[in-house]
Amino acid sequence: MATVLSRALKLPGKKSPDLGEYDPLTQADSDESEDDLVLNLQQKNGGVKNGKSPLGEAPEPDSDAEVAGAAKPHLSEVTTEGYPSEPLGSLEQKATSSLVSYVRTSVFLLTLVISMILVLLCAFLIPCPPRDLHSTWSRHLGSQAGGDLSPLELADVNGDGLRDVLLSFVTSRNGSAAGSSKSTANLVCLSGMNGSTLWSSPLPEEAQDITCLALIPGNVAEVICLVTGTHKMLSAFNATSGKAIWTLNANYLSNGTLAAPVVVLPDLDEDGVRDLVVLAIGEMQPDLCFLLVSGWTGSPVGRPVKYNIMGVGNLIGPQVYITANGAVYILFGFGNIQAVALRDIFVQAQNRDSSPHSLQIEEPEWEKRRSINLSELIDVYSDGVELLQMVKAPDSNCSNLLVTTRQGLVLLRGQNLTPYWTLSLQGIRSQPTPGYFTDDQTLDFLLQIQDGLGMKKMMVVDGDSGSIAWSYSAPCHMKEAPTTSAVTSDQKSVFLFWAEGLSPANPNSDAGVGAEPPSLHHLYLLHPAFPSIFLDLANTSGTVTASEVGINDLWKDAFYVTRTTGPSSEGHPAPLVVSKLSLRWALMEGQMVQLKETTPKIGRGELRRFLSRIKFVDSPYQI
């Protein structure tokens, strides 16, 4: 009994002070007893599951639970012969997995570093496209000595995506003799970004027109500027450098002078470059001479072709017209409009019967109008013609003809030359400005009509019906002030024109007259969505002689370029000023002029929110 009690009171693995020294055998027996006790407790609590104890700990590899089969052995631990597997395969798999992870991490980090280096290179080495911002500048070009013509052209000459400004003017320089002066003409190109001079080239005579385009079809990068003089000069300039490429020999014009700007034609001599035609007039009016010129060399393509015509009024054209079938005609006349097939001019110039295949196409409806006596001329319109312009026809690849006469406006169908509509209206002061005012997606026209002394009436004519869609009278003493338009992304147009100051406080136009001196003129903008509101964008005390609107495609903005001559003092020539105005910036800074009260009333906040969403695009009706 005492022996049993002493065994029960033994603490395993420890030395008892009462029972003597530590016995290893007794310790081993005690360990086995404890293992049995643990095994029994595990079986009562559900046993070992999936090789783990209920507490989530893996059993010891030499425990009785594994020997008894309480946990299933893994396939990697027991072979088919029943012997334990070697641990070398498992170590090789772990080493391979570690190597793959290392390679993947290295590749990822290397790719990330290369990407960051490329981004930094792009940020510092590749220049960003120039942002036009509001880009409003004004450039004084000195004094203009004479010259009634004001050529102005927009073209991107330096490849920065912004259209630059080209113009020609005459300056006066003091000569060697006392009191003598010599006038010289210059062709100048100004940067569209800041107005700085990109290049300047002297001209032998005053220029009447500047036209910049790509003469090689498809090669828009190489822009050529064609300059037509007032007498015998016709030159082609490289738009990038300002260097003259070729100049037409004046001897080919014999005794005539250039009557109108050069006209661009299709390629006639099959050298891959578009060719040209000029119209020269002799001392007597009937002597009209067409001369075909190579766009590549500037040499004549054949001999001059003469026509004897009679007429009273302004010189019309020449203008090139291509029908829907592809037939090419040249329109011209004196107070009337006549047409001659380019095929006929080419055959006479080359003195042969054959012509290129592209010129052999005829338009049946046009050919029916050939005169009996003058078989080569086609009568188009003959009733006091003042102006002629081509208007893009909706849903067609050809154009209609808008004819301005002393009696009004006539729109002729380009297909058969029959009137589409006629508007009786006298006193039209300038060429109609096309744009989208109504919602029918047909081009409408802004007119300036003389409306008494010092007054003009602004009028919009519906291009579909010929009726008057909008009108307003405003004071203006500026002679033939130019008008223009710009197209927005929602297929509408804003119209720009000049008039004297209108008081925004009093919407009555008569009450607004006389608030400022007549010499100060304002640039006003009309949007079709708000026909009772003008926006006052800018003002000048000079005379605006020319204006152009260009588009900044990158920022969906439009800019307005003006050529202005300031008031001249006695004995001193008038100063010449070229200005550029960003329209989106001017819309937000402009002053609202209420023409009449509307219901509901239009607030300035509503107008500003509308104007801030306007985006400008290239004109789809350019011919």
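Which strand is the place of D557? We get to that residue in the fifth view, after a look at the whole chain.

**View 1. Here is the whole protein chain, a predicted model.** Residues are numbered from 1 along each chain as its sequence is written. In this predicted model, local features need pLDDT of at least 70 and side-chain atom pairs count only at pLDDT 80 or more, while totals for chains, interfaces and linings use all residues, and side-chain values use heavy atoms, with hydrogens and water left out. Here pLDDT is the predictor's confidence in each residue, from 0 to 100. The protein chain averages 81 on that scale, and 77% of its residues score at least 70. You'll find nine helices and 35 strands in the chain; helices (H or I, at least four residues) and strands (E, at least two) are DSSP runs, numbered from the N terminus. Of the 623 residues, 43% count as buried. Buried means under 20% relative accessible area, exposed means over 50%, and partly exposed is in between (1.4 Å probe, protein chains only).

**View 2. Zoom in on the stretches where pLDDT stays under 50, including residues 1-22.** For residues 1-22, the model has 14 contacts beyond four places in sequence; a contact means heavy atoms within 4.5 Å. Residues 24-29 also stay under 50, and they have five contacts of that kind.

**View 3. Meet F497 and its aromatic neighbours, part of one cluster.** A search of the whole structure turns up twelve aromatic pairs. Rings of Phe, Tyr and Trp (its six-membered ring) pair if their centres lie within 6.5 Å; planes under 30 degrees apart count as stacked, over 60 as edge-to-face and the rest as tilted. F497 and Y524 make a tilted pair, 6.1 Å centre to centre with 35 degrees between the planes. This pair links distant parts of the chain, as F497 is in strand β28 (residues 493-500) and Y524 is in strand β29 (residues 521-527), 27 residues apart. Both F497 and Y524 are buried. The rings of F497 and F534 have centres 5.2 Å apart and planes at 75 degrees, so this pair is edge-to-face. Because F497 lies in β28 and F534 in strand β30 (residues 530-540), the pair ties together parts that are 37 residues apart in sequence. F534 has a relative accessible area of 0%, and F497 has 1%.

**View 4. Now for the largest nonpolar core, with its 28 residues.** A nonpolar core is a set of buried Ala, Val, Leu, Ile, Met, Phe, Trp, Tyr and Cys residues joined through side-chain atoms within 4.5 Å. Which residues touch the most other members? They are L496, L535, L537, L583 and F616. The elements giving two or more residues to this core include β28, β29, β30 and α8 (583-589). The most comes from β30, with four residues. Leaving out residues up to four places away in sequence, L583 touches A486, L496, L537, D557, A558, F559, Y560 and F616. Apart from this core lies another one, of 24 residues, among them V263, V301, F332 and I345.

**View 5. Back to D557, which sits in strand β32.** D557 counts as buried, at 4% relative accessibility. Its C-alpha atom is separated by 7.2 Å from that of S582, 25 residues apart along the chain. Take a look at F559 too: K580 lies over the face of its ring, at 4.3 Å from the ring centre. A charge sits over a ring if NZ of Lys or CZ of Arg is within 6 Å of the ring centre and within 35 degrees of the ring normal.

**View 6. Helix α5 (residues 342-350) is mostly covered.** Seven of its nine residues are buried, namely L342, R343, D344, I345, F346, V347 and A349. What covers them includes β13 (287-293), β16 (328-334) and α6 (364-367). Just after α5, N351 takes a positive phi of about 55 degrees.

**View 7. A145 sits in the loop between β1 (137-144) and β2 (152-155).** Is A145 buried or exposed? It's buried, with a relative accessible area of 18%. A145 touches V170, T171, S172, S183 and P573, not counting residues up to four places away in sequence. A145 and F169 are 24 residues apart in sequence and 8.2 Å apart in space, C-alpha to C-alpha.
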